[in-house]
Amino acid sequence: MKIFRDAAKLQKWSGALRRKGARIALVPTMGCLHEGHISLIEAAKRRGADEIIVSIFVNPVQFGPNEDYAKYPREEKADLKKCRAAGATAVFLPTPEEMYMPGHSVYVDEESLSKGLCGGRRPGHFRGVCTVVAKLFNIAHPDFAVFGQKDFQQVQVVKRMVRDLNFDLDVVVAPIVREKSGLAKSSRNTYLSEKERKMALAISEGLKEFRSLAGLRRRLEKAGLKVDYVECVDSETLAARKRPGRGCTVLVAAYAGSTRLIDNRVF
Ligand code: AMP
């Protein structure tokens, strides 16, 4: 497994491979890898990738000023081991200085799908996501990139960016991987106390037994969570829908203590 810290070196390596006809997959992550991330590597293998590039980068540009950028878990050594075991052929581990040179002044802004949900609560978040993902696409030359349905809005925003900016690659979406309890796997779960972990179960259970938005919200509040949003949207346009049904997605963002958790269910 190759390890790159330098964007230009990876770009040269992957560019040469792609010209030779290799099928290249990219799996973008922020590290602290868990089975959810590993499932994306597995999905890349199943799709016949010759090279699987995992990027591990906690992207400062997608965090708000009062968010957890500084304390976001970083586990480089364990992550490399997991990537190797899962069958990644290259890992890209840039520093923030490598990705954002002094005077960096170009950003990618999606102006429609990123307005609501997490984008509404985290101003600038998807601008950061689109910018870093566009950079990773240009650096890694993937034939396809794999994203998790866990970040449902992110998938829709990235797909739109790929379409509107003519990126020559496919976006592959992998299902949400959960703990036995139902809790969606997340690097942020490492922040949770035992008590918060129990409270958090109301999210996956509430989605599983979903009847109405009001009922789901009540259930979350009763469990002691602070609801950021509970919404039902059209799965393609992300426009709000009153009544859930086929083609809809119900999304939740809620705080267990100071940890913000997200989950969703596609109908
Ligand atoms: P992150 O490191 O949290 O930025 O996530 C990197 C990628 O892994 C994103 O495409 C996420 O949607 C995906 N991912 C994170 N958690 C899960 C999960 N529990 N199941 C499936 N994919 C996930």
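Which of the 17 residues around the ligand come nearest? They are His37, Gly148, Asp151, Val177 and Lys185. A residue counts as near if one of its heavy atoms lies within 4 Å of the molecule.

First, the ground rules. This is a predicted model, where local features need pLDDT of at least 70, side-chain atom pairs count only at pLDDT 80 or more, and totals for chains, interfaces and linings use all residues. Residues are numbered from 1 along each chain as its sequence is written, and side-chain values use heavy atoms, with hydrogens and water left out.

Now the polar contacts, meaning pairs of N or O atoms within 3.5 Å. A side-chain N or O atom of His37 sits 2.8 Å from a ligand oxygen. A polar backbone atom of Met30 is 2.9 Å from an oxygen of the ligand. At Val177, a backbone N or O atom lies 2.8 Å from a ligand nitrogen. The protein buries 93% of the 490 Å² that the ligand exposes when taken alone (accessible areas by Shrake-Rupley, 1.4 Å probe).

Who builds the shell? β2 (24–29), α2 (35–46) and β5 (144–148) each supply at least two residues. Helices are DSSP runs of H or I with at least four residues, strands runs of E with at least two. α2 gives the most, 3 residues. By class, the shell has 8 nonpolar, 6 polar and 3 charged residues.

Last, a helix pair. α1 (residues 7–19) and α6 (residues 125–140) pack at about 50 degrees, axes 7 Å apart. Ala7, Leu10, Gln11 and Ser14 of α1 meet Asn138, Ile139 and Ala140 of α6 (contact: heavy atoms within 4.5 Å). That contact has 4 nonpolar, 3 polar and no charged residues.

Key: A polar contact is a pair of N or O atoms within 3.5 Å; within protein, one must be able to donate a hydrogen and the other to accept it, and residues adjacent in sequence count only if both atoms are side-chain atoms. Ala, Val, Leu, Ile, Met, Phe, Trp, Tyr, Cys and Pro count as nonpolar, Asp, Glu, Lys and Arg as charged, and the others, Gly among them, as polar. Axes are lines fitted to C-alpha atoms, for helices over the stretch in contact, and angles run from 0 to 180 degrees between N-to-C directions.
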